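Look over the sequence and the model first, then read on.

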Amino acid sequence: MKRTFVLIITVVLSLALSACSSNDNQAAIESKVPPKAMADQMLQQIEQPKLMELESGLVEQLYRLDPALLEAYSIRTPLMNVKTNEIAIIKVKNAKDVAKVEMAIKQRAADVQKHFETYLPDQYEIAQNYKLVTKGNYVFFVISDKADDFVKAFESFFGSK
């Protein structure tokens, strides 16, 4: 009876430890390409309207994100306010802040949707179909009619684990 109890405890502990280590591996996912280069390469492959790079002040204003949480990023928004197309690739410094960044991005998506809700119905529909993908400390956000192509391109920067 005592051996069975010890065996059960051992199995439970090993499962718990393996679950913890898989979360650690999630944070260890790394790309050799920095976010700005990722965005540049994607935009060379996938045609989009003209986008401009956001400066840190606008990152705080539009995304409600403290740039101090970010190790590196590239956020591109439309040059003209008649398109919803947007792309953000963010490398978060600390894994514990990834959820905070995801929440800020979801709020940004809601803001874009609200802006276009009664303004341009076709752009509103595109904004509703945004994509948000997280790989380790990298958070990727895109609003585009070619969002699935962008997601595939983003995932190609990471080796399979």
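Is F116 buried or exposed? F116 is buried, because its relative accessibility is 3%. Buried means under 20% relative accessible area, exposed means over 50%, and partly exposed lies in between (1.4 Å probe, protein chains only).

This is a predicted model, where local features need pLDDT of at least 70, side-chain atom pairs count only at pLDDT 80 or more, and totals for chains, interfaces and linings use all residues. Residues are numbered from 1 along each chain as its sequence is written, and side-chain values use heavy atoms, with hydrogens and water left out.

**Aromatic pairs**

Rings of Phe, Tyr and Trp (its six-membered ring) pair if their centres lie within 6.5 Å; planes under 30 degrees apart count as stacked, over 60 as edge-to-face and the rest as tilted. The count comes to six aromatic pairs. One of them joins F116 and Y119: the ring centres are 5.6 Å apart and the planes stand at 35 degrees, so the pair is tilted. Y119 is partly exposed, at 41% relative accessibility.

The rings of F140 and F154 are stacked, because their planes are at 10 degrees, with centres 4.6 Å apart. This pair links distant parts of the chain: F140 sits in strand 5 and F154 in helix 6, 14 residues apart. Helices (H or I, at least four residues) and strands (E, at least two) are DSSP runs, numbered from the N terminus. Both F140 and F154 are buried. One aromatic cluster is formed by Y138, F140, F154 and F158.

**Helix 6**

Helix 6 spans residues 147-155, and its buried residues are A147, F150, V151, A153 and F154. Why do they lie on the same side of helix 6? They cover an arc of only 165 degrees around the axis, which puts them on the same side. The arc is that of the directions from the helix axis to the C-beta atoms. What covers these buried residues includes helix 2 (35-45), strand 3 (86-92), strand 4 (131-135) and strand 5 (138-143). Contact here means heavy atoms within 4.5 Å.

In soluble globular proteins, nonpolar side chains tend to be buried together. A nonpolar core is a set of buried Ala, Val, Leu, Ile, Met, Phe, Trp, Tyr and Cys residues joined through side-chain atoms within 4.5 Å. The largest core has 22 residues; Y63, L65, I75, I90, V101, I105 and F141 have the most contacts inside it. Helix 3 (56-63), strand 2, strand 3, helix 4, helix 5 (121-128) and strand 5 each supply at least two residues of this core. Helix 4 gives the most, with seven residues.

What does I90 touch, leaving out residues up to four places away in sequence? Its contacts include L65, L70, A72, Y73 and I75, as well as V101, I105 and Y138. A second, separate core has 18 residues, including I89, Y138, A147 and F154.

**Salt bridges**

Side chains of opposite charge can pair when their charged atoms come close. A salt bridge is a side-chain nitrogen of Lys or Arg within 4 Å of a carboxyl oxygen of Asp or Glu. The structure holds 10 salt bridges. Three of them follow.

| Salt bridge | Closest N to O distance |
|---|---|
| D97 and K96 | 3.5 Å |
| D97 and K100 | 3.8 Å |

E53 is in strand 1 (residues 51-53) and R76 in strand 2 (residues 70-78), so the pair links distant parts of the chain, 23 residues apart. E53 is partly exposed at 30%, whereas R76 is buried at 8%. D97 is buried, with a relative accessible area of 6%. Salt bridges that share partners join K36, D40, E53 and R76 into one network.

**A buried serine in a loop**

Where does S31 lie? S31 is in the loop between helix 1 (2-27) and helix 2. S31 is buried, with a relative accessible area of 8%. A polar atom of its side chain lies 3.4 Å from the backbone oxygen of F157. Not counting residues up to four places away in sequence, S31 touches M38, Y138, F157 and F158.

Note on methods
Polar contact = N/O pair within 3.5 Å; in protein donor to acceptor, adjacent residues only side chain to side chain.
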